[in-house]
Amino acid sequence: MKLFLCVLPASAFAFQAVPQSQQASSRDSVAASAFGGGRKPTLSPKDELIALAESNPDALGKGIGFWDPLGATDLDFWGIGNDATIGYLRHAEIKHGRVAMAGFLGYLA
């Protein structure tokens, strides 16, 4: 119970909205660093995923890089387009990760 009361306030910060300017600037900085400098290219979501994977500094990121064995970044779910499909997959991954974390906290309690 004590653990739950300690984690509860901290988990509330995970649901705060980030202003669009901060989201765009962090995404652009990753893309700019991946492509060598201060220019900010306009990238498709797939290119952003590749740039993010290749700019990952840890050993796993350097060793594997961009890895999509099922080709999910080339799919088109429900005819919404490739860019919207990648956005849907990102949203689903975040949602399922939060559910898994909540389930683990329930298991601990």
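The dialogue below reads a predicted model of one chain, feature by feature.

Biologist: What should be kept in mind about numbering and about the kind of model before reading any feature?

Modeller: Residues are numbered from 1 along each chain as its sequence is written, and side-chain values use heavy atoms, with hydrogens and water left out. Because this is a predicted model, local features need pLDDT of at least 70 and side-chain atom pairs count only at pLDDT 80 or more, while totals for chains, interfaces and linings use all residues.

Biologist: How many helices and strands does the secondary structure of the chain come to?

Modeller: Helices (H or I, at least four residues) and strands (E, at least two) are DSSP runs, numbered from the N terminus. In this chain they come to five helices and zero strands, and the pattern read along the sequence is α-α-α-α-α.

Biologist: What share of the residues in the chain is buried, and what is the accessible surface of the chain?

Modeller: A residue is called buried under 20% relative accessible area, exposed over 50%, and partly exposed in between (1.4 Å probe, protein chains only). Buried residues make up 12% of the 109 residues here. Accessible areas come from the Shrake-Rupley method with a 1.4 Å probe, and for residues only the protein chains shown count as cover; the accessible surface of the chain comes to about 8400 Å², with 64% of it belonging to carbon and sulfur atoms.

Biologist: Which residues make the nonpolar surface patch?

Modeller: Patches are made of residues with over 30% relative accessible area and no salt bridge, where like charges are joined within 9 Å and nonpolar side chains (Val, Leu, Ile, Met, Phe, Trp, Tyr) within 5 Å. Here Leu60, Ile64 and Trp67 make a nonpolar patch of about 390 Å². Leucine 60 lies in helix α4 (residues 59-64) and is exposed, because its relative accessible area is 57%.

Biologist: How many salt bridges does the rule count, and which residue pairs with lysine 46?

Modeller: A salt bridge is a side-chain nitrogen of Lys or Arg within 4 Å of a carboxyl oxygen of Asp or Glu, and by this rule the count comes to two. In one of them, lysine 46 pairs with aspartate 74, with the closest N and O atoms 2.7 Å apart. This pair links distant parts of the chain, since lysine 46 belongs to helix α3 (residues 45-54) and aspartate 74 to the loop between α4 and α5, 28 residues apart. Lysine 46 counts as partly exposed, because its relative accessibility is 23%.

Biologist: Which residue forms a salt bridge with glutamate 48, and is glutamate 48 buried or exposed?

Modeller: Glutamate 48 forms a salt bridge with arginine 90, the closest N and O atoms being 3.9 Å apart. Glutamate 48 is in helix α3 and arginine 90 in helix α5, 42 residues apart, so that this pair too links distant parts of the chain. At a relative accessible area of 16%, glutamate 48 is buried, whereas arginine 90, at 34%, is partly exposed.

Biologist: Where is threonine 73 placed, and which residues does it touch?

Modeller: Contact means heavy atoms within 4.5 Å. Threonine 73 sits in the loop between α4 and α5 (82-108), and, not counting residues up to four places away in sequence, it touches Lys46, Leu49, Phe66, Asp68, Asn82 and Ile86. Threonine 73 is buried, because its relative accessible area is 8%. For the chain, among contacts between residues at least 6 apart in sequence, 34% join residues at least 24 apart.

Biologist: How is a pair of aromatic rings described, and how many such pairs does the structure hold?

Modeller: A pair of aromatic rings is described by the distance of the centres and the angle of the planes. Rings of Phe, Tyr and Trp (its six-membered ring) pair if their centres lie within 6.5 Å, and planes under 30 degrees apart count as stacked, over 60 as edge-to-face and the rest as tilted. The structure holds three aromatic pairs. One of them joins phenylalanine 77 and tryptophan 78 edge-to-face, 5.4 Å centre to centre with 75 degrees between the planes. Phenylalanine 77 and tyrosine 88 also form an edge-to-face pair, 6.2 Å centre to centre with 75 degrees between the planes. That pair links phenylalanine 77 in the loop between α4 and α5 with tyrosine 88 in helix α5, 11 residues apart.

Biologist: What is the phi of tryptophan 78?

Modeller: Tryptophan 78, in the loop between α4 and α5, has a positive phi of about 55 degrees although it is not a glycine. Tryptophan 78 counts as exposed, because its relative accessibility is 64%.
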